[in-house]
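Here's a quick briefing for anyone meeting this structure for the first time.

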Amino acid sequence: LQREKVIGKDKRKLIKKNIQHIFEDPDEFIRKVFATYDNNTYIENFECHVLPEGKRKERWLEHWSQPIKSGLYKGGRIEHYYDITKRKQAEEKEKEHHKNIELLSKTAMQFVEFPQGKDIYTFIGEKLRELIGKESYIVINSVDEETSISTIRAVLGLGKFTDKIAKFLGRHPVGMTFNIEDTNQFYADGKMHLYEEGLYGILLKTVPKVLCKSMEKLMNVKKIYILDLVKKRHFFGSVIIFLKESTSDLKNKQTIETFIKQASIAIQRRQAEERLKKTLDATIETMSKIIEAKDPYTHGHQHRVCQLATRIAQEMKLPKDKIEGIRIASLIHDIGKIGLPAEILSKPTKLIDIEFNLIKGHSQTGYDILKSIDFSYPVANIVLQHHERLDGSGYPNNLKGDEILLEARILGVADVVE
């Protein structure tokens, strides 16, 4: 404001006409200032947030006023405005730092305890949007080192654009695959890089450039950043951040990079668990086939029992870890029969008592075979108890009711039904 436009003017009108709308909360500003005039009172720590517009920069001001109690200007006020912008920016920076540290601490624990069956890529995308803000799009890819195939695992933030993007691409982007061999250059350093090639480069030039430009315009994309998922310079995926025009540039790049390092470790751990599960499943399948080879009379029996038992467990809405334990135990519940003579297993006539007692021993034998294997589920005990009965008439330990594991009771029902 120019001096001559202020001196001698009615301040109330001046504030309403010229000053009110430069503040974050204009109505609250007027209320506070006018209250000092009406009551001629002293107000301490009255902070004003001046919003940026055009050439005007963002400012924080502390307003201090005091009534004039004597002299020519008695009844008036002396007012001071102190520029506290640097202090407020430092406070905001400190607050943001603490927020980021808290989020990283929390996500570190969440990655450690991340449940099986939950999509880790979607979780990573959600946390990134917490860090960056909702005015962003996140795409996460995984890369198979053996096949050099990149797969889009998660896309977040599309909202109303989802159907339009799917129409552009001919399908929903999640699940799309690309052959990355000799067609893209990776940083593999865990750092954030500004990506200049746009969506056309992201999609490995498999979608026409004009179409990619149209999508960028539709989504109002301003900048694209890319971070590779790496561990010891071993590349196995990437995170792509699309910032909208309405978004200021990233201020917390270091925090985002730290989070992506956490995510890289968590994904590798999940991949190692999946490889281990495949190995375990293959081992269990082999054990199941060995039993069937020994006892061809019950060929396919364990697989059918497995299907029944897991379906019962799902219908009972048991936790996923219990269902997985039931699945594994069902597939090898008769493994103890491997120690029985083939002539007893395939005997076409009624078993005599001594033969039946040998058959009863297969639960204990199965337990003895499995007890030293760490399945993460009580597989050995489920196998041991799958012939126990609620009334205590089962074997090998004549357990009753709740003495029998729930998983073993479910397996027992499926076994009898099959």
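Predicted model: local features only at pLDDT ≥ 70, side-chain atom pairs only at ≥ 80, totals over all residues.

**A few places to look**

- To find I338, go to the loop between α10 (320–331) and α11 (342–345).

**Helix α15**
- Helix α15 covers residues 406–417, which is 12 residues, and should span 16 Å at 1.5 Å a residue.
- Its end C-alpha atoms sit 17 Å apart, which agrees with that expectation.
- The buried residues of α15 are E407, A408, I410, L411, G412, A414 and D415.
- Among the elements covering those buried residues are α9 (301–315), α10 and α14 (379–385).

- Most peptide bonds are trans, and most residues other than glycine have a negative phi.
- Y395 and P396 are joined by a cis peptide bond, with omega at about 10 degrees.
- P396 belongs to the loop between α14 and α15.
- That loop between α14 and α15 also holds N398, a non-glycine residue with a positive phi of about 50 degrees.
- N398 is partly exposed, with a relative accessible area of 47%.
- N220 isn't a glycine either, yet its phi is positive, near 60 degrees.
- Look for N220 in the loop between α7 (209–219) and β8 (221–231); its relative accessible area of 37% makes N220 partly exposed.

Methods: Residues numbered from 1 in each chain as written. Heavy atoms only, no water. Helix = DSSP H or I, 4+ residues; strand = E, 2+ residues; numbered from the N terminus. Expected span 1.5 Å × (residues − 1). Buried < 20%, exposed > 50% of the residue type's maximum accessible area, 1.4 Å probe, protein only. Contact = heavy atoms within 4.5 Å.
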